[in-house]
Amino acid sequence: RYEGFNAVALCYKCHIFWWHKEPLEAAEWFDHRYPERRKWLEANVNKLETNFDWEATYLRLKDQVSKL
């Protein structure tokens, strides 16, 4: 959920009226457009964090945003 590889910026129209209404087409588009992300997500999908550190996640994301 809080990984950059799991994010795609879409306008409201594309997000609501395409991504959520046509999930199979959206997944195919994502796979074609971002094959390296797809591979990473597949490799990491089952790596659940049992002790999620909200503070560390916040600091990591804050640092990433500051570098934009």
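1. Helices (H or I, at least four residues) and strands (E, at least two) are DSSP runs, numbered from the N terminus. By that rule His15 lies in helix H1, and the chain as a whole comes to four helices and zero strands, following the pattern α-α-α-α when read along the sequence.

2. A word on the basis of these remarks. This is a predicted model, in which local features need pLDDT of at least 70 and side-chain atom pairs count only at pLDDT 80 or more, while totals for chains, interfaces and linings use all residues. Residues are numbered from 1 along each chain as its sequence is written, and side-chain values use heavy atoms, with hydrogens and water left out.

3. On overall dimensions, the chain has a radius of gyration of 14 Å, whereas a compact globule of 68 residues would have one near 11 Å; the radius is taken over C-alpha atoms, and the globule rule is 2.2 Å times the number of residues to the power 0.38. Along the principal axes, the C-alpha atoms fill a box of roughly 35 × 25 × 20 Å.

4. The accessible surface comes to about 6300 Å², of which 57% belongs to carbon and sulfur atoms.

5. Thr57 deserves a separate point. Thr57 has its place in helix H4 (residues 54-66) and is buried, with a relative accessible area of 9%. A polar atom of the Thr57 side chain lies 2.9 Å from the backbone oxygen of Asp53. Gly4, in the segment before helix H1 (12-19), counts as partly exposed at 44% relative accessibility; the C-alpha atoms of Gly4 and Thr57 are separated by 12 Å, although the two residues are 53 residues apart along the chain.

6. The structure holds six aromatic pairs, a pair being counted when rings of Phe, Tyr and Trp (its six-membered ring) have centres within 6.5 Å, with planes under 30 degrees apart counted as stacked, over 60 as edge-to-face and the rest as tilted. One of them joins Trp18 and Trp19, which are edge-to-face at 5.9 Å centre to centre with 65° between the planes. Trp19 also pairs edge-to-face with Trp29, at 6.3 Å centre to centre and 90° between the planes. Because Trp19 lies in helix H1 and Trp29 in helix H2 (residues 23-33), this pair ties together parts that are ten residues apart in sequence.

7. How exposed are the two residues of that pair? Trp19 is partly exposed, with a relative accessible area of 25%, and Trp29 likewise counts as partly exposed, at 32% relative accessibility. Both belong to one aromatic cluster formed by Trp18, Trp19, Trp29, Phe30 and Tyr34.

8. To return to His15, this residue is partly exposed, with a relative accessible area of 33%. His15 and Asn51 are 36 residues apart in sequence, and their C-alpha atoms are 31 Å apart in space.

Key
Buried means under 20% relative accessible area, exposed over 50%, partly exposed in between (1.4 Å probe, protein chains only). A polar contact is a pair of N or O atoms within 3.5 Å; within protein, one must be able to donate a hydrogen and the other to accept it, and residues adjacent in sequence count only if both atoms are side-chain atoms. Accessible areas come from the Shrake-Rupley method with a 1.4 Å probe; for residues, only the protein chains shown count as cover.
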